Amino acid sequence: MKKVLAFVLAIMMLLSLVSVATAEEKPLAGQSITVLYMSSVYADAARALAPEFEEATGCAVEVVDFPYLTLHERALLDLTSGGEAAFDVINVASQWDGEFYPFLTDLGPYIERDDYDMTVWIENILNNAGLWNDTYIGIPNNCTPQVFAYRTDIFPDGLPDNWADYTQACIDATTDEIYGCTISEISGQLGGVFDYRLWSAGGNWADSDWNVTINSDISREQLELLYKLNKEAMDPANLAWGTDESIQAFLDGRAAVCETWPTLGLIQAADDPEQSKVVGKWALSTIPYEETGITLLSAWDLAIPANSSNKEAAWEWIKAFTEEETQQRFYEEFGFFTPRKSFWEQDSIKNSPLYELRTALDTANMWWRIAASVEADTVINTVVSSYLSDQITIDETLVLLEEGLQEALLNSPPDEGIKNLNH
């Protein structure tokens with residue numbers, strides 16, 4: 001009996017040691033988190049990382065995704081519900097930072113505790129994605145400026161550097177077989193198309209004190225040029241095209257220029273003969289400089305809801321997702337770009353057409369990052385679409401844009417002391 005008891009005690013001690021070793025090797029063993037991403041290569045990357053993260057830490061990860069047009073609503077609903085968070089990590093579009101700020105965890109203590117290096121990020125990206133009101137509420141994890149892909153056989157000298165000449169060049173390139181230009185102009189994208197034209201020409205939505213300035217001669221000129229481009233150089237159905245349709249038209253050789261987010265399919269497919277008819281005949285270009293060269297920025301940061309009950313595990317996920325080697329792999333496997341400075345200093349990037357993007361990242365801009373941002377962007381999308389589809393005149397368009405932005409600021413006024421640092 002004593003031998004049996006001794007054997008049982010030995011087994012129990014062995015199991016205890018194994019359990020301790022397992023806990024040491026996998027500090028989050030038995031835990032689980034749910035992370036929310038936009039439906040795209042971003043969610044794909046998260047799903048690829050999840051099993052590796054669980055193997056390394058013991059923490060299971062469920063990845064939930066929604067399309068861009070519904071992601072904001074779903075995330076905000078969870079943040080403001082008052083109960084325990086459904087999501088432990090949220091991939092936040094930078095234009096939502098100010099609106100989400102009151103409901104997110106201050107990451108400063110985690111950054112300081114773990115000596116997490118914030119100097120690795122491109123400064124303009126960090127200032128636009130993750131830093132709000134001197135507080136780190138998110139860690140940047142992917143970014144791209146709006147740029148143009150163009151046919152090098154049609155534009156061997158590149159694209160013109162002002163909007164009037166660019167518009168005419170696209171019109172001149174239009175034939176019975178090919179359109180001069182294709183753009184993602186569905187709601188949610190069209191507003192940005194107008195924005196980067198406005199900003200690069202020196203216009204803006206409002207001044208630093210939130211006085212609306214969008215009803216301007218610059219706005220009028222850029223709207224009229226965009227209208228002309230739509231009527232004379234684009235597929236008549238282009239107003240209903242999203243990113244997928246506009247990129248596919250370019251890959252199929254049906255457009256000389258594609259104004260696009262290059263990471264959402266174009267760079268991954270353009271040199272693949274099975275997916276593209278423009279292999280070896282395309283390049284990327286920054287937008288016409290005009291006055292400022294400012295283009296539209298897409299930047300995302302990973303944040304932890306204040307009502308998450310799994311903050312430590314969530315922070316470990318953010319660190320894993322933004323780690324240098326992981327971000328490099330995401331570029332190689334999914335084609336999206338990290339805001340890490342070191343990525344852009346690689347010879348393989350510096351000596352490639354992609355380096356055009358690096359220049360734009362230092363000046364690329366996001367619209368307002370306050371609660372009024374979503375309503376304001378919706379107004380611009382709706383009004384510009386109405387103008388391009390001949391439902392309203394240019395004069396009516398400018399008045400409606402002005403009134404719409406004023407109404408958005410009235411409904412969701414900026415916090416006291418917050419300046420408009422973005423156009």
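Reader: How many salt bridges does the count come to?
Author: This is a predicted model. Side chains of opposite charge can pair when their charged atoms come close. A pair counts here if a side-chain nitrogen of Lys or Arg lies within 4 Å of a carboxyl oxygen of Asp or Glu. By this rule the count comes to 17 salt bridges.

Reader: In the salt bridge of D153 with R151, which residue is buried?
Author: The closest N and O atoms of D153 and R151 are 2.9 Å apart. Buried means under 20% relative accessible area. D153 has 41%, so D153 is partly exposed. At 9%, the buried residue is R151.

Reader: How many residues apart are K231 and D390?
Author: Their side chains meet in a salt bridge, 2.9 Å from N to O. K231 sits in helix α9, and D390 lies in the loop between α17 and α18. The pair thus links distant parts of the chain, and the separation is 159 residues.

Reader: Are K231 and D390 buried, exposed or partly exposed?
Author: K231 has a relative accessibility of 42%. D390 has 48%. Both values fall in that range, so K231 and D390 are each partly exposed.

Reader: How far apart are the closest N and O atoms of R254 and D252?
Author: R254 is partly exposed at 34%. D252 is partly exposed too, at 26%. The two form a salt bridge, and their closest N and O atoms are apart by 3.8 Å.

Reader: Which residues are linked with R113 in a network of salt bridges?
Author: Salt bridges can also join into a network. The one with R113 links this residue with D114, E312, E316 and K319.

Reader: Which element gives the largest share of the lining of the largest pocket?
Author: This pocket has a volume of about 610 Å³. Its lining has 31 residues, with M38, Y68, Q189, T243 and L264 nearest the centre. Elements α3, α10 and β11 each supply at least two lining residues. The largest share is four residues, and it comes from β11.

Reader: How many charged residues are in the lining of the second largest pocket?
Author: About 390 Å³ of space lies in this pocket. It is lined by 18 residues, and those closest to its centre are N127, W132, R369, L421 and N422. Seven of the lining residues are nonpolar and eight are polar. The charged residues number three.

Definitions and conventions: Residues numbered from 1 in each chain as written. Predicted model: local features only at pLDDT ≥ 70, side-chain atom pairs only at ≥ 80, totals over all residues. Heavy atoms only, no water. Buried < 20%, exposed > 50% of the residue type's maximum accessible area, 1.4 Å probe, protein only. 1 Å grid on protein atoms, 1.4 Å probe; cavity = no way out; pocket = protein on both sides within 12 Å on 5 of 7 lines; lining within 4 Å. Points joined across faces, edges and corners; volume = space filled by probe spheres on them. Nonpolar A, V, L, I, M, F, W, Y, C, P; charged D, E, K, R; others polar.
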